[in-house]
Amino acid sequence: MATATTAAYSPADAKSRASHRPWFFTRPVAKTGLVSWLTTVDHKKIGLLYGITALFFFLVGGIEALLIRVQLAVPNNTFISHQFYNELFTMHATTMIFLAVMPLSAAFFNYMMPLQIGARDVAFPRLNGFAFWVFIAGAIVLNVGWFTAAGAPDVGWFGYAPLTSNAYSQQFAGDVSTDLWIMGLQILGVSSVIGSLNFIVTIINMRAPGLTMMRLPVFTWMTLFTAFLIILSFPAITIALVELMMDRSFGTGFFEVAKGGMPILWQHLFWIFGHPEVYILILPAMGIVSEILPTFSRKPLFGYPIVVFSGAVIGFLGFGVWSHHMFTTGMGTMATAAFSLATMAIAVPTGVKIFNWVGTLWGGHIMTRTPMMFALGFIWMFMMGGFSGVMHSAAPADAQQQDSYFVVAHFHYVLIGGSIFALLAGIHFWFPLIFGRIVSEFWGKLSFWVIFVGFNVTFFPMHFLGLNGMPRRTAVYDGNMGWNSANLVATIGAFILAIGIGIYFAVMIYTYFKGKKAAGDVWDARTLEWSVPTTPPPEHNFHVTPTVHARDAFWYEKTHAKEIAAEKAKTAAETESHGGIHMPSQSWFPLVTAVGMLIGGLFFAHHYFPGAIAGGVILLIGVLGWAFEGPGGYHLHIHKDGSVTGGEGQDESAH
Amino acid sequence: MRFSLVPTLRRATTLLAVALIPLFTAGWLSGPQSTFDVKGPVAKSQLDVFYVTVWVTMAIFVVVAAVLAYATIKFKARKTDDEHAPVPPQGHGNPLVELGLIAASIAALVIIAVPTLKAIWYTYDVPEEQRANAYEVTARGLQWWFQFEYPSEQIDGSGQLITGNELVIPAGRPVRINLRTSDVIHSFWVPKLGGKVDMIPNRGNHMWLQADEPGYFWGQCAEYCGESHAVMRFRVIALAEDDFAAWVENQKKSARTVQPSASPKAEFASYDMTRKPRNAPGYTADFDADPMAAWVNFQFPDKDENADLVAKGRALFKEKNCITCHSVRGHEGVGVNAPDLTHFGSRTTVAAGLLENSKENLHRWLMYPNDVKPGNKMWVGVNGMAGYIDIDPATKRPTGTRHIELNDTESRALVEYLHSLK
């Protein structure tokens with residue numbers, strides 16, 4: 001932690017205070033086992049929790065997608081009912097966006113960003129744990145519908161009013177699924193906003209000495225932009241969801257047609273969140289790719305300032321294009337034209353990124369390792385998704401494409417070919433750092449090629465389905481529409497893709513247990529996360545807080561080994577003279593507070609208000625405990641031989 | 001630089017050609033809802049804009065992809081030795097290249113923007129000079145069917161002409177369509193005539209389109225609108241001016257009444273009445289071969305019409321409470337919650353453009369509506385009117401009991417009656 005706090009905080013003090021504390025304010029000390037995970041405040045452990053949960057939901061969303069593709073393999077299929085199909089496409093989208101891609105990005109933010117800026121942890125470690133447990137609460141609330149009579153939410157991930165009103169959502173069954181959807185998204189929003197505020201404060205305040213903003217790794221930049229997008233866009237959907245909740249629970253009329261409500265208002269509120277959300281999904285991916293391409297080309301990112309700036313421009317313009325999701329709502333000529341042009345404008349900074357990635361490859365020594373294969377695949381697929389995006393920006397053409405399979409093809413190219421490819425690249429790239437083992441090149445490349453082929457076989461034909469008039473979100477289609485063969489091909493592709501994903505994860509699991517051990521900087525990488533003393537990194541990340549002298553700080557360290565060694569020795573001595581490395585204490589209260597939110601959310605969705613209040617009370621207890629358990633913290637001491645002493649509850653006078 | 005353009009281009013062209021083969025062989029772009037097979041000026045204008053976007057993005061793609069592929073191949077470290085070779089120059093970029101590429105991107109987007117803007121204004125409403133000539137209709141979306149209203153065709157004593165699920169329009173003339181909805185959001189889409197525009201509650205949208213020639217067009221709801229969204233379809237039939245006038249004249253008439261004969265004919269089942277699996281298709285190749293001819297046939301009474309069965313069906317239509325939701329002008333039906341059936345027999349489809357209006361399909365729809373269109377209002381009721389089944393008002397769940405019972409014999413009579421309504 002920051003050295004500033006150590007002055008006002010003497011170890012002896014902490015010890016005497018700790019001994020007078022009631023049991024519920026005693027900080028947990030377990031470093032392994034279940035308790036250590038439930039109470040962790042370590043950004044790396046939280047990152048892993050995010051990652052594992054996200055991958056679990058990625059598989060759930062994938063299974064939902066496969067069921068959809070089986071139903072559409074042949075015309076007039078009876079594999080699943082219309083109702084179940086509607087639940088599947090609603091939950092497939094909601095799961096993939098909120099429970100797979102966003103948390104997987106959050107996993108990398110958590111794990112890598114503090115390492116990339118040379119920090120010990122994030123700015124608010126307990127808040128970081130809280131964000132994760134709230135995320136889990138939201139995920140449970142969203143998915144619990146599968147196990148109720150009402151079924152899972154079936155209003156589409158966009159939940160257009162008035163289909164979500166009491167009158168129309170699941171008109172013929174006791175409806176709790178839409179309330180669960182509202183509450184689940186609301187809770188996930190809390191998690192995202194909390195996490196993002198934490199990342200912003202961390203990046204602004206906790207950079208290592210010398211790490212100026214224009215020396216930040218691009219992934220950290222994209223983390224910052226994404227976090228800002230989240231805190232600026234989520235309020236819109238929060239408001240929309242509160243209004244919808246009021247309509248459903250207390251009879252207000254924001255979107256109720258009979259009460260003079262405006263269904264179109266929902267669309268504006270939803271998409272002013274929903275479009276930045278698209279960039280929330282893709283900017284982290286761009287950041288990962290911007291780390292991998294230079295590493296495996298062995299040269300710096302081409303046009304670093306322009307890549308960073310274009311990320312900012314994308315984020316900024318991303319707030320001014322929401323109505324391109326509404327070209328068919330009859331906005332009028334002027335609004336349509338304005339949003340059409342704004343959408344075209346956003347293609348410029350996006351194109352700039354692609355040019356710079358190509359520029360990075362140019363003149364490099366390209367090592368086609370698996371992460372690089374995924375990163376190159378990303379550029380190709382993202383380019384295609386980008387071009388179909390430009391086609392949508394022309395509003396008159398979009399009038400035919402909107403809500404057709406052409407759109408489905410477009411955003412899967414961006415979200416799978418873009419986001420998922422980059423995230424898979426990232427997992428591969430950082431696997432040796434996180435687990436100290438390296439994934440087999442043969443199996444890695446095999447999984448890449450199977451995924452690449454499967455993905456294109458699935459989604460390329462969908463362009464033609466859309467242009468041939470097939471609308472989205474339809475459980476059945478007739479066999480005389482010219483859609484049969486393309487749909488069958490897409491379904492076959494989906495299974496090839498599934499096999500590829502299966503190989504990918506099988507290899508990852510195998511490598512985790514049995515893979516070749518890899519110590520340290522296996523890729524000859526460029527950024528600080530690879531300068532950790534051991535792989536996996538110790539809890540305190542760095543024995544010595546690095547001092548940054550250039551962009552690609554670790555590359556600089558490697559090329560200036562002598563000076564850096566001397567500097568590190570000096571910094572180490574200084575840290576020790578200030579009392580050692582200050583570490584945050586673990587806590588139960590993030591979990592308790594999140595459990596209160598889960599219980600309250602579930603009861604509220606069920607319109608059982610005493611239960612909701614009980615949940616609120618638990619939440620309040622959690623918050624109070626959190627506030628009064630004290631700041632905690634302990635010190636670690638690094639010795640000349642590399643050994644570490646000190647820790648929570650240990651005798652601080654030992655050194 | 002050892003990069004040579006010609007072989008790369010040749011390779012790219014071959015690759016493109018190979019990629020396009022299935023599109024033509026398997027007809028991936030030529031279905032009844034193809035946005036390429038345009039039949040009117042609105043769809044044409046939208047397709048033209050689409051082509052501009054395709055050519056511009058294709059051109060950029062070819063260039064960028066070529067450079068990307070070239071860079072990947074050229075600078076790839078082939079041997080382990082290469083990887084341990086001295087690091088390449090650590091260049092950080094070139095601002096002039098960047099600015100040049102940004103300028104080029106903007107120029108490319110301007111090429112797209114100009115026709116886009118033109119088409120936004122053109123497709124939004126009937127062009128000024130044709131406005132006097134435009135024909136006006138109102139399309140209303142409901143879960144899960146379409147109602148079409150003709151404000152310029154007033155019928156004495158019963159207001160404007162109303163039909164359901166098949167929109168008949170004059171060809172060669174702009175048609176301005178008011179878009180309304182009575183429940184949730186729907187979207188009106190006839191791909192060959194024009195892109196979609198949504199029907200949104202508390203919002204009076206409109207669109208225009210024109211069929212250059214008489215023809216028969218497929219359309220469907222393009223905004224997710226609940227359980228049976230997938231089977232909310234419709235058709236548009238464009239007729240030459242005088243055919244259209246004749247059609248309007250007939251539609252304005254009250255329902256056709258068939259007098260029972262003095263000597264009843266023998267009754268026999270002329271079609272298969274067995275229950276088909278849900279989602280079973282309702283189209284035939286014969287119909288698709290010439291849908292316009294099929295439509296014309298539907299305008300005339302069936303040759304084997306059984307007048308006694310028609311009379312029986314008419315009685316049943318009242319007895320089974322169909323009349324509380326369906327209107328049959330001049331007969332007993334007076335309801336307004338469901339499609340107007342005054343000239344139902346002249347429509348080519350049943351269940352909102354889903355099944356061809358054969359006796360077999362109509363029988364299936366009447367007997368097992370929930371197999372055809374799950375959650376449909378004839379089955380579950382609408383606006384306080386009970387449907388085929390009873391719903392518990394407290395839990396909103398089916399009670400398991402039937403409000404309307406129907407057997408094969410009764411259904412056959414209803415089919416005969418409904419088909420007589422030409």
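**Close-ups of a predicted two-chain model**

**View 1. A bridge between two strands of chain A.** Start with A:I581, whose bridge partner in β4(A) is A:L636. Keep in mind that this is a predicted model. Now look at the two strands involved: β3(A) and β4 (residues 634–638) of chain A run antiparallel, and three bridges hold them together. Strands of a sheet pair through backbone hydrogen bonds, either parallel or antiparallel.

**View 2**

**View 3. Where chain A meets chain B.** Here, 84 residues of chain A are in contact with 93 residues of chain B. Several helices of chain A give two or more residues to its side of this contact, among them α5 (82–116), α9 (263–297) and α16 (484–514). The largest share comes from α11(A), with 15 residues. Sort chain A's side by class and you'll find 47 nonpolar, 32 polar and five charged residues.

**View 4. Two domains of chain B side by side.** Chain B is split into domain 1 (5–77 + 95–124), domain 2 (129–235) and domain 3 (285–420). The C-alpha centres of domains 2 and 3 of chain B are 22 Å apart. Their contact takes 20 residues from domain 2 and 17 residues from domain 3. On the domain 2 side, β2 (145–155), β3 (159–164), β9 (215–220) and β10 (233–239) of chain B each supply at least two residues. That side divides into eight nonpolar, eight polar and four charged residues.

Key:
Residues are numbered from 1 along each chain as its sequence is written. Chains are lettered from A and ligands numbered from 1 in the order in which they are written. This is a predicted model: local features need pLDDT of at least 70, side-chain atom pairs count only at pLDDT 80 or more; totals for chains, interfaces and linings use all residues. Two residues are in contact if their C-beta atoms, placed from the backbone, lie within 7 Å. Helices (H or I, at least four residues) and strands (E, at least two) are DSSP runs, numbered from the N terminus. Ala, Val, Leu, Ile, Met, Phe, Trp, Tyr, Cys and Pro count as nonpolar, Asp, Glu, Lys and Arg as charged, and the others, Gly among them, as polar. Domain bounds come from an automatic or database domain assignment. Two strands pair if DSSP finds at least two bridges between them.
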